[in-house]
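Let's take a walk through a protein model together.

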Amino acid sequence: MNVVHSDVVIVGSGFGGAVLAARLGEHVRDALPGRTVLVVEKGGDHTGAFDPSAPAPDHEPLNAQGNHFRQSLAPAYLARVAEVATDTAGALADGAPTLNVLAGVGLGGGSNVYAGVSLRAPTVAFAQTDPAGRRRWPARYSRAALDPLYARVEAELRVTRLAWTDAGGAIPRWQLATKRDLVFAEGCRRIGATAVPLKLAAYDDANEGWWSQGQRFRGRQNLTMNYLARAKAAGVRFQADSEVDRVAPGGDLGGYVLTGTDRRGGVERPFEIHARVVVVAGGAVGSTALLLRSEDDFTGARALDQGRERVGARVLGRHLSGNGDYGVTGVVGDDLGLDVETYKSKPIGSMCPSFFREHGFLVLPFYAEPLYLALGRISTLQRPERPTALGRWSTGPAVGERDWGLAYKRRLARFGGRMLSMGCLALDASEGEIRLGANDRAEVRWPVTDPATEARWSAAADVMRRIYEALGGEMFLDGYRKDGTVNTSHPLGGCRMAERPEDGVVDPFGESFGNKNLFVVDGAIIPSSLAANPSLTVAAVAESIADALVAGQGTEALASRLA
Amino acid sequence: MDSRVRLSRRSVLKLFGLAPLVAACDLGGASPGGGERPDDDAPDVIVHEPPPVDVDHPDNLQAAMDLILPAERDATGALVSPGAVEARAMDVLRLADLLPLTTSLGLLPPRVVDALPPGDTSLALAIDATLNALAAEERPFTEFRELPRDLRERALVRGFDDDATEPLLTVLRAACMLAFLGAVTNDVGLVAIGFPPFEDPAHGVVVSGYPRLVGAAAPLDLATTDRADLVAWAAAGQLDDYTFDRAPDPTPGDDLAAVLDAHGDLL
């Protein structure tokens with residue numbers, strides 16, 4: 001048994017954990033000498049793979065653009081940075097709605113797999129109310145309140161807005177939107193809408209190849225390049241390949257003890273970490289699952305789920321938003337004479353906000369590796385009359401067709417260079433749930449879709465269909481329409497923050513109701529959908545909580561907590 | 001009347017000494033009542049893919065891969081369109097990280113991973129044995145690769161339809177799809193279905209937005225290319241990059257001032 005002691009332990013290193021690691025680490029270094037901060041990460045440490053200053057290996061020749069950027073779908077790499085949570089029971093029951101969640105793993109968390117899109121959440125997102133009419137967000141959060149923190153995160157992540165043209169050479173070419181974006185913009189124009197370039201957490205990044213899931217280049221800003229590097233410089237310790245199974249009150253330091261499995265070096269060893277302050281930051285699914293596994297050790301006034309304890313209404317594991325993710329794929333017509341090159345360059349370079357005011361959704365064209373043709377996440381070969389067969393995980397061949405064989409291969413060829421994927425981000429009602437399945441594995445569910453969400457998705461699907469048709473093409477429906485399956489890369493909630501214990505798992509500063517010094521700071525505490533890619537908002541909320549802890553404003557200062 | 005020797009799938013697996021595999025692959029609830037599903041319940045198999053030109057395969061795995069995503073050949077046997085074998089699906093199948101990779105991509109549902117043989121059993125060996133077991137239902141004591149193509153296809157159809165063998169065959173399919181569409185080792189699969197090739201296939205480099213002259217394989221070296229030349233080539237339609245110096249036309253009447261701020265964020 002490996003036993004470690006640290007004053008502060010942060011479990012996870014994504015957009016919540018990385019910000020806390022940097023800010024609390026710097027605070028401890030500057031003002032609390034002798035205190036320690038430790039980051040424990042379930043996945044591996046890929047820092048070297050992202051380090052822009054690391055020299056390229058001699059055996060890797062320069063590519064056509066004179067740099068060392070390589071295709072990032074290298075399997076050995078990708079297998080380490082992405083994981084999927086799903087609804088196993090639902091997937092086995094034909095016709096039942098299921099939920100699939102893609103998440104990043106490894107040092108850097110979600111930044112290992114994100115597209116780099118860095119949008120501030122719209123004002124309306126913070127004003128959403130629950131069915132009882134109460135504001136979902138605590139009063140201290142609003143767009144205006146977060147704007148200065150958004151700006152801070154944008155500076156740290158080198159967020160840059162793309163452009164359509166290089167303005168006569170004034171804008172570097174890496175900053176331009178892609179061919180895919182131009183095709184999308186033309187489609188928007190033809191239906192009377194407008195596409196605009198996006199903001200990306202990127203710098204000098206046009207040539208990196210497959211951008212989508214994991215990458216080894218300096219372009220897109222992985223958290224190991226900024227916040228986590230800052231934390232390391234401040235003396236924060238890191239322990240990768242170590243999965244925390246449970247957290248319980250007690251331990252040598254009078255706070256909490258975390259138990260789990262250390263897999264460093266390929267050998268499994270149990271560990272125990274004793275801490276005064278614990279920050280759970282394993283992402284919406286990871287953090288929620290950790291608290292669910294730990295529930296039995298917290299009872300009565302310390303129960304992690306005060307909603308269940310006080311009013312019999314469970315809040316832990318509930319209120320999971322998919323951020324309105326809804327993706328489709330189709331083809332554009334030949335008449336354009338434009339090659340979409342859907343799988344090249346930046347993953348997302350533009351968006352259409354024309355429908356946001358009326359319907360509450362954005363439409364974005366996004367990268368799609370041709371591999372998506374074989375995936376259930378976007379069921380590209382499905383026919384409208386039969387959206388899913390076994391559903392969700394395969395392309396669901398139509399009756400009499402197979403998802404393999406010569407005919408299947410020839411169907412794939414219908415897409416070719418004309419393939420274009422689009423998706424929407426929308427306000428939803430946080431209809432999802434997280435619970436524990438076999439072997440304490442996190443299971444995610446989407447029991448029922450709120451009519452308002454359904455209406456937004458219907459409107460978004462109609463807009464996307466019109467764009468395809470305006471481009472002389474055809475939209476192929478995804479698996480959602482008939483079976484209610486939801487696929488998201490932007491899970492939010494599960495441990496939502498709230499003003500009152502019966503409404504949420506943590507208070508507005510991320511601290512557990514009834515458990516001093518036990519925090520959750522990541523996407524799990526975001527209490528609503530955002531209708532914008534959430535990384536910037538998760539980081540801004542984390543900055544806000546870090547500020548409060550350092551200054552002791554609104555909550556007890558970290559210095560006092562560690563005294 | 002089908003004159004095939006009719007062996008139950010589980011009997012065949014046991015015949016090949018794979019009793020543990022039978023147990024490992026027995027999905028809960030997959031066989032109502034817990035008994036063997038009689039072969040008479042199996043759906044009729046419709047073989048509707050006449051092979052272009054068949055070739056000999058060196059092993060069972062490649063023979064199956066060539067059914068999952070087939071190569072297409074002309075009458076002389078020359079390759080016209082590559083398939084999973086040419087995309088080097090065998091290399092993908094041997095990847096140490098294949099299961100976590102294909103699971104993370106969604107190609108393998110957790111139920112398949114749960115149903116795979118426990119321990120360090122080689123996936124390739126297990127799939128190979130499964131293919132032979134399926135082949136034995138068509139012709140006893142005949143290897144899968146030795147069957148005529150139509151019987152191989154029929155065996156594979158049955159294998160995908162059988163709860164006991166479907167998990168391993170799904171792994172095989174995932175390896176084929178990953179090699180062919182994921183361009184793990186080369187871009188032949190992508191090019192075969194009409195996608196543009198990698199700019200630098202030798203090194204797997206995929207880029208976009210860097211202009212080439214129409215018909216040229218390599219992008220222009222922008223460090224040494226005069227911008228005036230780019231402008232002239234674009235005006236003459238000689239530049240393949242239609243994004244060059246081109247902003248989308250504005251959409252009349254679609255005023256985004258009430259939706260977006262000056263930085264491009266939603267208000």
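Between which strand and which helix of chain A does Thr178(A) lie? Thr178(A) sits in the loop that links strand 5 (159-161) to helix 7 (179-190) of chain A. Keep in mind that what you see is a predicted model.

Is Thr178(A) buried or exposed? The cut-off for buried is under 20% relative accessible area. Thr178(A) has 3%, so it counts as buried. Leaving out residues up to four places away in sequence, Thr178(A) touches Ser345(A), Lys346(A) and Thr243(B). The side chain of Thr178(A) also reaches the backbone nitrogen of Arg180(A), at 3.2 Å.

**The overall picture of chain A**

Chain A has 16 helices and 20 strands. Of its 563 residues, 67% are buried. Take the contacts in chain A between residues at least 6 apart in sequence: 73% of these join residues at least 24 apart. The accessible surface of chain A comes to about 17,300 Å², and carbon and sulfur atoms account for 49% of that.

**An open sheet**

Now look for the open sheet of four strands in chain A, with the order 14-15-12-18 and antiparallel pairing. Why is one side of strand 14 (361-366) and of strand 18 (474-476) left without a neighbour in the sheet? These two strands of chain A stand at the edges and each has a single partner strand, so one side of each has no neighbour there. From one strand to the next, the twist averages 30 degrees.

Within this sheet, strand 12 (residues 326-331) and strand 15 (residues 419-426) of chain A pair in the antiparallel sense over six bridges.

Next, find strand 1 (residues 2-11) of chain A, which is mostly covered, with seven of its 10 residues buried. Strands of a sheet pair through backbone hydrogen bonds, either parallel or antiparallel. Here are two partners of strand 1.

| Partner in chain A | Sense | Bridges to strand 1 |
|---|---|---|
| Strand 11 (residues 269-280) | parallel | nine bridges |
| Strand 2 (residues 37-40) | parallel | four bridges |

Ile10(A) is a handy landmark: it stands opposite Val279(A) in strand 11 and opposite Val39(A) in strand 2 of chain A.

Most residues other than glycine have a negative phi. Ala167(A), however, has a positive phi of about 50 degrees. Ala167(A) is found in the loop between strand 5 and helix 7 of chain A, and at 46% relative accessibility it counts as partly exposed. Asn517(A) also has a positive phi, near 70 degrees. Asn517(A) belongs to the loop between strand 19 (486-488) and strand 20 (518-520) of chain A, and its relative accessible area of 10% makes it buried.

How many disulfides does a search of the whole structure find? Zero, over all chains. Cys424(A) counts as buried at 2% relative accessibility, and Cys495(A) counts as buried at 0%.

Technical notes. Residues numbered from 1 in each chain as written. Chains lettered and ligands numbered in written order. Predicted model: local features only at pLDDT ≥ 70, side-chain atom pairs only at ≥ 80, totals over all residues. Heavy atoms only, no water. Buried < 20%, exposed > 50% of the residue type's maximum accessible area, 1.4 Å probe, protein only. Contact = heavy atoms within 4.5 Å. Areas by Shrake-Rupley, 256 points an atom, 1.4 Å probe, with all protein chains shown as cover. Disulfide = S-S within 2.5 Å. Polar contact = N/O pair within 3.5 Å; in protein donor to acceptor, adjacent residues only side chain to side chain. Pairing = 2+ DSSP bridges. Axes fitted to C-alpha atoms, helices over the stretch in contact; angles between N-to-C directions.
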